[in-house]
Amino acid sequence: KTRTPWANAVLSELGSALSITALRIRYHPTSNAYATPSPPSPSCPPLVDMLVQALDLVKVGAQSYFEQKLKQTNNRHMQSIIESAHLNALQKSFAACLKALPETVLLPPGLEEGHRIPSVDRACLRAASIELRNVGDLSNVGTGIDRVCEVLSGLSSNADNSIQVDDLISIECFESWARFVTVPIHVVEMTVGRMAMNYLHISRHHEMSIHYQKARKSAFQYVTTIFEGASPSLTSGDILAALLGVAAGRGVSGGNSKGKKNPSNKKKIGNRSKKRHEARLGRVLSTQDEEHKESMGDNFNRFEGDSGSVEIEAAELLARKNSACYAASFVFGISMPDGQPSTPEDDWGLRLAATSDTTSSHEICSTITACATSVLPYLLSMERDGNDLLGNHNWRIDLFTSIMNVVQRICQCPDRNIRALAYEPLMILHKHLNAVVSVSLIMENIAVDAICNCVFSLAKSCGYPDGYFNLLSDNNDEELEIERNDVRD
């Protein structure tokens with residue numbers, strides 16, 4: 001087998017070029033810079049389908065070459081190797097190009113740093129953003145990540161049962177999409193429940209191949225991205241700016257190490273950029289709302305209300321939180337009311353992630369704390385409001401308890417850096433508990449007890465070692481003192 005380390009870079013650049021070309025074909029600028037353009041004709045395929053059709057043309061030639069190679073040998077083992085290589089090449093080509101689509105034409109919510117924006121009319125980028133966020137259901141496939149899931153699943157389903165399908169390629173593609181758009185629940189079930197969870201049973205695998213380790217790392221990154229996409233720090237402005245393709249316009253300016261005016265200059269530039277960004281966003285919102293009122297059959301037709309943009313922002317925030325809860329239920333083996341199988345064993349998924357040195361890695365525990373940061377406040381708010389995406393509240397208690405048990409295990413970890421990961425979810429949960437005058441619900445009492453147990457665990461873990469005060473002439477352990485101050489606070 002010949003490895004081509006440059007293949008991923010070439011495929012990524014090819015995918016970016018195809019994405020820009022498809023965008024220019026499907027959407028053309030209008031006279032109103034703040035209006036959302038429409039496709040030139042109903043027969044013009046969506047962006048994802050354009051990329052798939054372009055790759056299908058190459059697939060025809062690849063299939064001919066593949067059949068020619070098969071005829072050159074009668075050895076069944078060699079034919080199996082050729083078939084596996086052919087499927088792997090197809091899967092890698094489709095996944096790499098589809099992965100480049102959101103990275104090229106979309107903006108991530110909560111943009112903090114500079115992001116490469118293609119030299120395309122912003123209104124066209126806005127139209128592409130709305131299209132790629134369009135999600136269908138189990139009977140209707142949308143034009144975004146669920147269509148990508150259908151394409152990659154189709155490639156895998158055509159493979160012979162004896163051929164090993166590479167999940168790593170697909171997981172990397174879905175992780176890229178999850179950084180920009182909401183992952184709907186039925187896609188979470190297919191990608192996390194049926195694919196990524198094969199690599200998250202870390203307690204059941206002691207000897208792992210290099211390829212398995214890469215797939216496991218990608219699986220952790222994928223679920224972490226889903227959790228971070230529902231972070232409480234994500235604001236409605238972040239969602240709207242990304243949804244409508246309005247960049248924040250933040251410049252990254254280099255500072256003068258000798259002068260002291262640089263911080264104030266950066267602040268002034270940031271303020272001006274923020275005002276321009278708010279003005280652009282306001283004009284786009286006004287235009288979008290006018291379009292929504294004039295034509296309820298456009299991209300906003302699935303939302304009701306006076307303001308289409310506001311309804312979309314609220315719906316996407318809610319969908320991100322629901323998807324994070326559903327992904328967490330797979331990670332911790334919690335039974336959902338819709339029939340998802342329950343796995344109460346303690347070695348399921350990440351339940352044992354923080355109990356031994358072999359599994360208490362920073363990567364694993366950061367995934368758990370990202371889950372706790374996003375899911376726990378939402379579970380608490382659903383319990384208070386009496387709302388439920390599935391009509392049953394027992395799963396909320398089970399999921400909340402399971403997550404807090406693992407967070408407490410992290411607080412007991414001997415590694416100081418891993419223990420520090422538990423600070424953020426505990427502080428955020430404490431903040432949400434303080435939002436009510438009195439604690440009355442079962443989940444609130446569970447949260448109070450869990451926070452107390454976590455703090456006690458942290459206090460025990462950062463205690464002074466034996467003989468610490470025997471040699472008073474030695475310097476203090478600054479890291480230990482800082483940790484003790486943090487836990488005390």
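Glutamate 150 has a relative accessible area of 39%, so glutamate 150 is partly exposed. Please keep in mind that this is a predicted model.

Let me stay with glutamate 150 and turn to salt bridges. The structure holds eight of them. In one of these, glutamate 150 pairs with arginine 147, and their closest N and O atoms are 2.5 Å apart. Both residues sit in helix α5, and because they are three residues apart there, about one helical turn separates them.

Next, arginine 179. Which side chain meets that of arginine 179 at 3.1 Å, N to O? It is the side chain of glutamate 103, and the two form a salt bridge. This pair links distant parts of the chain, 76 residues apart: arginine 179 is in the loop between α6 and α7, while glutamate 103 is in helix α3, residues 76-105. Arginine 179 also meets glutamate 175 in a salt bridge, at 3.3 Å from N to O. Is each partner here buried or exposed, or in between? Arginine 179 has a relative accessible area of 34%, so it is partly exposed. Glutamate 175, at 11%, is buried.

Glutamate 175 brings us to threonine 225, because the two side chains make a polar contact at 2.9 Å. Threonine 225 is in helix α8, which covers residues 210-228. The side chain of threonine 225 also reaches the backbone oxygen of glutamine 221, at 2.7 Å. Setting aside neighbours within four places in sequence, threonine 225 is in contact with Glu175, Ala178 and Arg179. Its relative accessibility is 6%, so threonine 225 counts as buried.

Threonine 143 has 18% relative accessibility; the cut-off for buried is under 20%, so threonine 143 counts as buried. A polar atom of the threonine 143 side chain lies 2.6 Å from the backbone oxygen of glutamate 131. Again leaving out neighbours within four places in sequence, the contacts of threonine 143 are Pro46, Val48, Glu131, Leu132 and Asn134.

Now the nonpolar side chains. In soluble globular proteins, such side chains tend to be buried together. In this model, the largest nonpolar core has 106 residues, and Phe227 and Val375 are those with the most contacts inside it. Helix α12, residues 362-385, supplies the largest share of this core, 12 residues. Beyond four places in sequence, valine 375 is in contact with Phe227, Ala324, Cys325, Ala328, Leu399 and Ile403.

Last, the cysteines. How many disulfides are there? The count comes to zero. For cysteine 149, the nearest cysteine sulfur is that of cysteine 173, 9.6 Å away. For cysteine 454, the nearest is that of cysteine 411, at 4.1 Å. A disulfide needs the two sulfur atoms within 2.5 Å, so cysteine 454 is in no disulfide. Cysteine 149 has 4% relative accessibility and therefore counts as buried. Cysteine 454 is buried too, with a relative accessible area of 0%.

Note on methods. Residues numbered from 1 in each chain as written. Predicted model: local features only at pLDDT ≥ 70, side-chain atom pairs only at ≥ 80, totals over all residues. Heavy atoms only, no water. Buried < 20%, exposed > 50% of the residue type's maximum accessible area, 1.4 Å probe, protein only. Polar contact = N/O pair within 3.5 Å; in protein donor to acceptor, adjacent residues only side chain to side chain. Contact = heavy atoms within 4.5 Å. Helix = DSSP H or I, 4+ residues; strand = E, 2+ residues; numbered from the N terminus. Core = buried A, V, L, I, M, F, W, Y, C linked by side-chain atoms within 4.5 Å. Salt bridge = Lys/Arg side-chain N within 4 Å of Asp/Glu carboxyl O.
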